[in-house]
Amino acid sequence: MNDAPQAPSEQPADAVDAITAQWYAVRPDLETTPMAVFGRIYRIGRAMGDEMERTYARYGISRGEFDVVATLRRSGAPYTLSPRQLSATLMLTTGGMTGRLDKLEKAGLLCRKPDPHDRRGLQVTITDRGLALIDEAVTAGLEVQRAALTGLSDEEVGLLTGLLRKLLAGV
């Protein structure tokens, strides 16, 4: 890792470079490479999160609500999970999940029914309307994400994917 902030020669300096340069000016003893990496990851996550929120809003759902319906969709037919399974998959409390389920059920995107195998349990199933909506919303979201990657070659996308997977495994 370098002591002085570095920007790739083909890219102009960005706001993160300015921040690390300021730190270098007042604390040249600090090694700011981690700040440069995670500062960019945070900014990318924030910008893309906001963009995805706008994209899903066109379908009348929030990003969190998208996650619930998408989880049911990708579970495969019959697109049914328990609220507990949804909570675990999405790392939400059961209380947080209940609010999302209430809103999505009211919108007609999913339904809750008693679990035939557990009289105390429920099953959450995507409706036909929810299935159509999520298929459109996921396609639109992927288009936004694909557009964000247009500045990278296929090889760079593959390299970035692998590096991020490795970084995620280490945190």
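**Entry 1. Salt bridges**

I looked up Arg 112 and Glu 105 and found their side chains joined in a salt bridge, N to O at 2.9 Å. I took a salt bridge to be a side-chain nitrogen of Lys or Arg within 4 Å of a carboxyl oxygen of Asp or Glu. The model is predicted, so I note that local features need pLDDT of at least 70 and side-chain atom pairs count only at pLDDT 80 or more, while totals for chains, interfaces and linings use all residues. Residues are numbered from 1 along each chain as its sequence is written, and side-chain values use heavy atoms, with hydrogens and water left out.

Arg 112 is partly exposed because its relative accessible area is 22%. Glu 105 has 30% and is therefore also partly exposed.

I then asked how many salt bridges the structure holds. The count is 9.

Arg 27 and Asp 29 meet through their side chains in one of them, at 2.7 Å from N to O. With a relative accessible area of 36%, Arg 27 is partly exposed, whereas Asp 29, at 54%, is exposed.

Arg 120 forms a salt bridge with Asp 118, and the closest N and O atoms are 3.8 Å apart. Arg 120 counts as exposed because its relative accessibility is 77%; Asp 118 is partly exposed at 32%. I also recorded a network in which Asp 14, Asp 17 and Arg 40 are joined by salt bridges that share partners.

**Entry 2. Strand pairing**

Here I read helices (H or I, at least four residues) and strands (E, at least two) as DSSP runs numbered from the N terminus. Two strands pair if DSSP finds at least two bridges between them.

Strand S2 (residues 110–115) pairs with S3 in the antiparallel sense over 6 bridges. The two strands S2 and S3 form a hairpin, with 2 residues between them. I noted Lys 113 opposite Gln 123 in S3.

Strand S1 (residues 80–81) runs antiparallel to strand S3 (residues 118–126), and 2 bridges join them. In S3, Val 124 is the residue that Leu 81 stands opposite.

**Entry 3. Thr 71**

Is Thr 71 buried or exposed? Thr 71 is buried, because its relative accessible area is 3%. I located Thr 71 in helix H3 (residues 63–74).

The side chain of Thr 71 reaches the backbone oxygen of Asp 67 at 2.6 Å. Leaving aside residues up to four places away in sequence, Thr 71 touches Leu 81, Leu 86, Thr 89 and Leu 90, where contact means heavy atoms within 4.5 Å.

**Entry 4. Nonpolar patch**

Which residues form the nonpolar patch on the surface? I listed Val 37, Phe 38, Ile 41, Leu 149, Leu 152, Leu 160 and Leu 164, with about 530 Å² of accessible area together. Patch residues have over 30% relative accessible area and no salt bridge; like charges are joined within 9 Å, and nonpolar side chains (Val, Leu, Ile, Met, Phe, Trp, Tyr) within 5 Å. Accessible areas come from the Shrake-Rupley method with a 1.4 Å probe, and for residues only the protein chains shown count as cover.

Helix H2 (33–57) and helix H7 (154–169) each supply at least two residues of the patch. H2 gives the most, with 3 residues. Leu 160 is found in H7, and Leu 160 counts as partly exposed because its relative accessibility is 36%.

Conventions
Buried < 20%, exposed > 50% of the residue type's maximum accessible area, 1.4 Å probe, protein only. Polar contact = N/O pair within 3.5 Å; in protein donor to acceptor, adjacent residues only side chain to side chain.
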